[in-house]
Amino acid sequence: MTGGREISTAAQAAGDDRVLAFGHLLGAAGRLEHILGRAVEAECGVGHSVFEVLLVLGRAGAPGLPMREIGRERVLTTGGVTRLVDRMEAAGLVRRAQHPEDRRVQLVRLTALGEETCVRAARVHAENVQRLFLDRLPAERRERFVSDLRMLSLSAGKALPRLH
């Protein structure tokens, strides 16, 4: 990587190793998200955003999560979370409940159908991630690569501004 090189032309910008590295990351992520998302939607009837929220709620467990926490996890505005949760509630995947200690806060929880859909979609997704992502990496580098991606994700998450 040539981190100290000056960029003074469009050609230099397009050929900069740092710009290209991030472009490769975005390209791979975008293409894989499209392919993997379509597979989950085709087999389980839920889009990628819904699947991601099901996973976030699955990690949260029985108590559920406040809407703002879902937004923070998915990098969505309050309005975006509300619309997504409204659709998921109408589909029977989640339900809202009052927070036991703060009546101003609504918790979002998985329903039995949401749990079942999450498990079914995760099985499809995990198989496809293995086949289309992990199996494409050299076996001796997979664990390190995934660890590095996690570190980058956590670092970027800390740098995000708070959404309202």
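Predicted model: local features only at pLDDT ≥ 70, side-chain atom pairs only at ≥ 80, totals over all residues.
Residues are numbered from 1 along each chain as its sequence is written, and side-chain values use heavy atoms, with hydrogens and water left out.

**Overview**

I looked up the elements next and found seven helices and three strands. Helices (H or I, at least four residues) and strands (E, at least two) are DSSP runs, numbered from the N terminus. Read from that end, their order is α-α-α-β-α-α-β-β-α-α. The C-alpha trace spans about 55 × 35 × 25 Å along its principal axes. Of the 164 residues in the chain, 29% are buried (under 20% relative accessible area; exposed is over 50%, partly exposed in between, with a 1.4 Å probe and protein chains only).

**Helix 3 by itself**

I then checked helix 3, residues 48-60. Its 13 residues reach 19 Å from first C-alpha to last, close to the 18 Å expected at 1.5 Å a residue (the expected span is 1.5 Å times one less than the number of residues). Buried residues in helix 3 include Val-50, Phe-51, Val-53 and Leu-54. After the helix comes Gly-61, with a positive phi near 80°.

**Helix 3 against helix 6**

How do helix 3 and helix 6 pack? I found an angle of about 110°, with the axes 10 Å apart. Axes are lines fitted to C-alpha atoms, for helices over the stretch in contact, and angles run from 0 to 180 degrees between N-to-C directions. The two helices are therefore roughly perpendicular (65 to 115 degrees; under 35 is roughly parallel, over 145 roughly antiparallel, the rest oblique). Helix 3 passes helix 6 in a left-handed crossing (the near helix is turned anticlockwise from the far one by less than a right angle; clockwise is right-handed).

**Helix 2 against helix 6**

Here the axes come within 9 Å and cross at roughly 140°, so helix 2 and helix 6 are oblique to each other. Helix 2 passes helix 6 in a right-handed crossing. Among the residues making the contact are Leu-36, Ala-39 and Val-40 of helix 2 and Thr-117, Val-124 and Asn-128 of helix 6. I sorted the contact residues into 10 nonpolar, three polar and two charged.

Is Thr-117 buried or exposed? Thr-117 is buried, at 4% relative accessible area. Leaving aside neighbours within four places in sequence, it touches Cys-44, Val-46, Leu-54 and Leu-93.

Ala-122, also in helix 6, counts as partly exposed at 26%. Its C-alpha lies 8.2 Å from that of Val-40, 82 residues apart along the chain.

Ala-39 sits in helix 2. With neighbours within four places set aside, Ala-39 is in contact with Val-124 and Asn-128. Ala-39 and His-125 are 86 residues apart in sequence, yet 7.6 Å apart from C-alpha to C-alpha.

Terms used. Contact = heavy atoms within 4.5 Å. Nonpolar A, V, L, I, M, F, W, Y, C, P; charged D, E, K, R; others polar.
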